[in-house]
Amino acid sequence: MRLSFLKSSRVKVFLVNVFILSIVVFFTFFFRYQIIKYSQTRVLLGTFVRIHICATRLDEKAVLSAFDKVWKRLNEINERMNVYNEKSDIARINRSYPNPVKVHPDVYRILAFSKKYSELTHGAFDVTIWPLVVLWKEAQAKQEIPSVQEIKRTLEAIGSDKIKLLADDSVQLMHPQTRIDLSAIGQGYAADEVALILRKEGMNSFLVDTGGEIFAQGFNESGRPWSVGIKDPLHPEEMMDVVRLSDGGVSTSGDYEKYYEIDQKKYSHIIDPATGYPVNNVVSATVIGENATQADAFSTVLCVLGKQGISLVEALSQEAAIVVMEESPAGSISFYKNDAYQRMSR
Ligand code: AMP
Ligand code: MG
């Protein structure tokens, strides 16, 4: 009797120990292999840049080192492309006429993309728009619309054919007043470059947001594709759609956050290179595509071309797109979405 009691109490102790041990093993395993979302934010490229990486605690060291590499790379891109930084490659090009100037391959590559997008969109996308941007900025300061002559004169310096890409990463401006501004494509390019680094560092799941331009790959901390909210341009604090993304870029352009105000009237910061005037009936445009550089360029293009641009963008790259337009004369708002967008935002 006594012996069997002892035996059974030993069994009980053994079972309790096994139970405790399995709980410890389970939680240790869970703790180490649980997917965590690591996030960092910096003010860069004139905006808030947010990066999220999903990985286990075992990968924490690699994640933190990847963040360091990404911020270093973004600082370099920012220094090379910032039109306001006198030492940037863009500022050097802008004061180089008539001489060729050697630039970093980053800048050369993005100018090659820009020229290509300009050709593909029959000039609607144009990084030589800067003299017009300056003209409209000055108009805002003076509170006076530029004259037709001023616009006509400024237009003479605009056109991607005014940028000549020479061998050996050199760039030459072909008109004394031509100036370059990469605002419509630089953030998308930066998001794609971050994605390249993260992949190289072994990261599979991440979301890069360079201020409205997004690239997402893999899954969020719940193991689902990343959700990207598309802002409602009429109520920017609310989302009008959510798209699920696990390998692609999204970009939204619009005049609800950035605009010129002259004589109490709002003018878009996106300018139609064909006329020299700010676009006036597109409220916002979103493009979802295979990378953020292209999505960034095309969302700006859709602001210039409006709903007619959707078929062009579709034919060029089968991207998903939505254009929100203010229809005149009634001023009513219409939403134009292609099939790909409707499928993705369901
Ligand atoms: P995004 O927000 O990407 O649409 O870029 C808009 C910015 O790009 C503007 O603030 C201008 O600096 C510049 N921009 C304006 N119009 C154009 C255009 N038609 N093509 C290229 N860049 C433009
Ligand atoms: Mg853009």
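The model is predicted. Ligand 1 lies between domain 1 (37-83 + 185-344) and domain 2 (89-173), because both give residues to the shell around it. The magnesium ion (ligand 2) is coordinated by atoms of Ala184, Asp296 and Thr300.

**Shell around ligand 1**

- There are 17 residues around ligand 1, and Asp181, Ser253, His269, Ile271 and Thr300 come nearest.
- By residue class, the shell consists of nine nonpolar, four polar and four charged residues.
- Helix 8 (residues 292-305) makes the greatest contribution to this shell, with three residues.

- A nitrogen atom of ligand 1 lies 3.0 Å from a polar backbone atom of Asp126.
- An oxygen atom of ligand 1 is 2.7 Å from a polar side-chain atom of Ser253.
- For Thr300, an N or O atom in the side chain is 2.7 Å from an oxygen atom of ligand 1.
- The protein buries 93% of the 500 Å² that ligand 1 exposes when taken alone.

**Magnesium site**

- The donor atoms to the magnesium ion (ligand 2) are Ala184 (O), Asp296 (O), Asp296 (OD) and Thr300 (OG1), at 2.0 to 2.4 Å.
- The sequence spacing of these donor residues is A-x111-D-x3-T.
- Ala184 and Thr300 link distant parts of the chain, being 116 residues apart.
- Ala184 belongs to the loop between strand 5 (170-173) and helix 7 (186-200), whereas Thr300 belongs to helix 8.

- Ser253 is located in strand 10 (residues 247-254).
- Ser253 has a relative accessible area of 8%, so this residue is buried.
- Thr300 likewise counts as buried, because its relative accessibility is 11% and the cut-off for burial is under 20%.
- The side chains of Ser253 and Ser299 are joined by a polar contact of 2.9 Å.
- A polar atom of the Ser253 side chain also lies 3.4 Å from the backbone nitrogen of Thr300.

**Val107**

- Val107 is part of helix 4 (residues 105-120).
- The relative accessible area of Val107 is 0%, so Val107 is buried.

Terms used:
Residues numbered from 1 in each chain as written. Chains lettered and ligands numbered in written order. Predicted model: local features only at pLDDT ≥ 70, side-chain atom pairs only at ≥ 80, totals over all residues. Heavy atoms only, no water. Near = heavy atom within 4 Å. Polar contact = N/O pair within 3.5 Å; in protein donor to acceptor, adjacent residues only side chain to side chain. Areas by Shrake-Rupley, 256 points an atom, 1.4 Å probe, with all protein chains shown as cover. Helix = DSSP H or I, 4+ residues; strand = E, 2+ residues; numbered from the N terminus. Nonpolar A, V, L, I, M, F, W, Y, C, P; charged D, E, K, R; others polar. Domains from an automatic or database assignment. Donors = N, O, S within 2.8 Å, 3.2 Å for Na, K, Ca; no water. Buried < 20%, exposed > 50% of the residue type's maximum accessible area, 1.4 Å probe, protein only.
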